[in-house]
Amino acid sequence: MDPLHLAKTCELHVHPGGCLTVEDLIDIGKDDYKDIDWTLSKDAYEKAFGTRPDIVALYDEALSNPDAGIDRFRDHFVYTQEDGGDFGRFQAKFNLILGLLKHPPKRQEFVEAYFRHVVNRLTRQGLDFVEFRCSGSDDTQEGFLRFHRVHAQILSAASQDSITARYIVSLRRWSSDQDYDWLQDLLDQHPELIPTIVGIDFAHFEEGYPPKNKRDILGRVHQDNLTDPERALEITYHVGESYFDKSLESAIRWCHEVAEMGTRRLGHATALGLDPAVAIARRPDAHICELISERLDQITYDLSHTSDLATFNIKVDTNALRDEQQALERRAPDETVERFYDSQRLKEVRNRQQYVLHRLIQLGTVIETCPTSNLRIGGIPDPSHHPIHAFLKSNVNLAICSDDPGIFDSPLASEIDWVLTHTDWAPDALAQRLGDPRRFKLGSIRPK
Ligand SMILES: [Zn+2]
């Protein structure tokens with residue numbers, strides 16, 4: 001048997017929309033594409049890529065001349081390395097899925113159809129354990145409850161067969177308190193879905209949403225879990241994936257803060273494994289500039305972690321930091337500061353990565369690493385620079401996941417094969433290093 005069988009059959013980080021393939025999109029939309037309002041998709045695409053796509057023409061061609069047409073559709077939709085590491089560009093392509101699923105006359109029908117397609121495909125690929133995560137985009141409570149209920153019901157039914165499928169509700173970062181309340185309402189109204197709905201997640205753009213602002217809601221989640229352990233929700237969190245708006249120290253700190261807040265698994269956390277010299281070479285002046293509020297948070301962090309940081313050879317000049325703090329506090333928090341990198345600072349950033357990985361190991365926090373996704377959205381310039389090399393070398397709990405296997409055209413087994421191709425790990429050694437990812441599944445804090 002393939003020594004990596006366990007890793008190839010257990011998916012812990014996947015978004016259902018991102019599982020849709022070109023063939024699924026054509027199949028689901030074939031009768032309605034002319035009536036669908038594609039504005040959201042076209043606007044985002046034009047903003048990100050500079051050209052306005054004609055989606056109706058793409059469908060026309062794919063249906064009338066599949067040989068050439070499906071390839072053309074694929075060129076438009078699949079997010080490749082050439083599209084450039086940029087979350088806005090990824091979202092522009094993803095919006096095609098949203099345009100389809102939000103088509104008002106068939107909304108309910110499409111949502112059910114697409115998710116059944118997705119669950120069937122992953123089952124056919126041989127997966128037997130999957131945790132899906134999804135945020136939905138409905139702003140009304142009724143729409144939110146319906147959307148997540150339908151997803152969880154489909155997974156609950158699918159789990160009667162050959163696959164164990166669980167559901168994590170991604171709270172929208174800008175309305176996470178409200179989304180969490182609504183999720184609790186869903187569990188109140190549908191207790192039969194409690195075994196399926198095992199956690200909450202934070203996803204979508206991370207820039208502008210500092211983890212410190214999630215401390216209260218996460219505190220509430222932990223408290224609720226203690227009060228009612230039967231329906232405890234564990235936490236996953238996309239962090240350290242897309243962070244061009246801040247310094248490398250701040251990006252690393254965000255990962256650390258999220259882990260210390262009792263998060264079970266971190267999504268991506270590339271900031272902890274991408275070499276800083278590579279990170280700053282990705283764009284002109286990358287990671288030099290950040291908000292004063294961010295710099296002040298970093299100073300507070302450094303002052304309160306001085307001795308831990310010293311253990312990892314990171315010198316904190318407390319007097320200099322206090323002076324800087326006083327000067328910055330007199331300025332507006334939304335102004336920016338610039339700090340340039342030299343070899344000493346880069347060395348210390350590497351040490352900071354080691355420090356936080358060490359803390360993750362102590363806490364038992366898991367990193368979900370998604371090779372293709374990180375290369376294509378996370379702005380990793382080359383496979384040899386992928387953070388997975390650093391993660392594998394450390395003892396951090398690690399799961400290899402696919403994130404969006406449809407839009408990347410790369411299923412989970414291909415992601416594992418990618419690791420074998422691009423690292424020195426042999427299959428047996430990799431299997432031993434990873435172990436069975438099912439030990440990281442959510443729901444483990446609920447009483448047996
Ligand atoms: Zn993700």
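Please keep in mind that what you see is a predicted model. Let me begin with the contact in which L248, E249, I252, C255, H256 and A259 of α12 meet V349, R352, Q353, V356, R359, L360 and L363 of α17. Sorted by class, the residues of this contact of α12 with α17 are eight nonpolar, two polar and three charged. How do the axes of α12 and α17 cross, and within what distance do they come? The axes of α12, residues 248–260, and α17, residues 343–363, come within 10 Å and cross at roughly 5°, which means that α12 is roughly parallel to α17.

The second pair is helix α8, residues 107–124, with helix α9, residues 141–158, and here the axes lie 10 Å apart at an angle of about 35°, in a crossing that is right-handed. From α8 the contact draws on V111, E112, F115, R116 and V119, and from α9 on F147, V150, H151, I154, L155 and A158; by class, the contact of α8 with α9 has eight nonpolar residues, one polar and two charged.

Finally, the core. The largest nonpolar core holds 96 residues, of which V119, F132, L155, C255, L266, A271 and I367 touch the most other members, and the largest share of this core, seven residues, is contributed by helix α12. If we look at F132 in particular, and leave aside residues up to four places away in sequence, F132 touches V14, P16, L155, A165, Y167 and I168.

Terms used
Residues are numbered from 1 along each chain as its sequence is written. This is a predicted model: local features need pLDDT of at least 70, side-chain atom pairs count only at pLDDT 80 or more; totals for chains, interfaces and linings use all residues. A nonpolar core is a set of buried Ala, Val, Leu, Ile, Met, Phe, Trp, Tyr and Cys residues joined through C-beta atoms within 7 Å. A residue is buried if 20 or more other C-beta atoms lie within 10 Å of its own, exposed if 12 or fewer, and partly exposed in between; C-beta atoms are placed from the backbone. Helices (H or I, at least four residues) and strands (E, at least two) are DSSP runs, numbered from the N terminus. Two residues are in contact if their C-beta atoms, placed from the backbone, lie within 7 Å. Axes are lines fitted to C-alpha atoms, for helices over the stretch in contact, and angles run from 0 to 180 degrees between N-to-C directions. Angles under 35 degrees count as roughly parallel, over 145 as roughly antiparallel, 65 to 115 as roughly perpendicular and the rest as oblique. Ala, Val, Leu, Ile, Met, Phe, Trp, Tyr, Cys and Pro count as nonpolar, Asp, Glu, Lys and Arg as charged, and the others, Gly among them, as polar. A crossing is left-handed if the near helix is turned anticlockwise from the far one by less than a right angle, and right-handed if clockwise.
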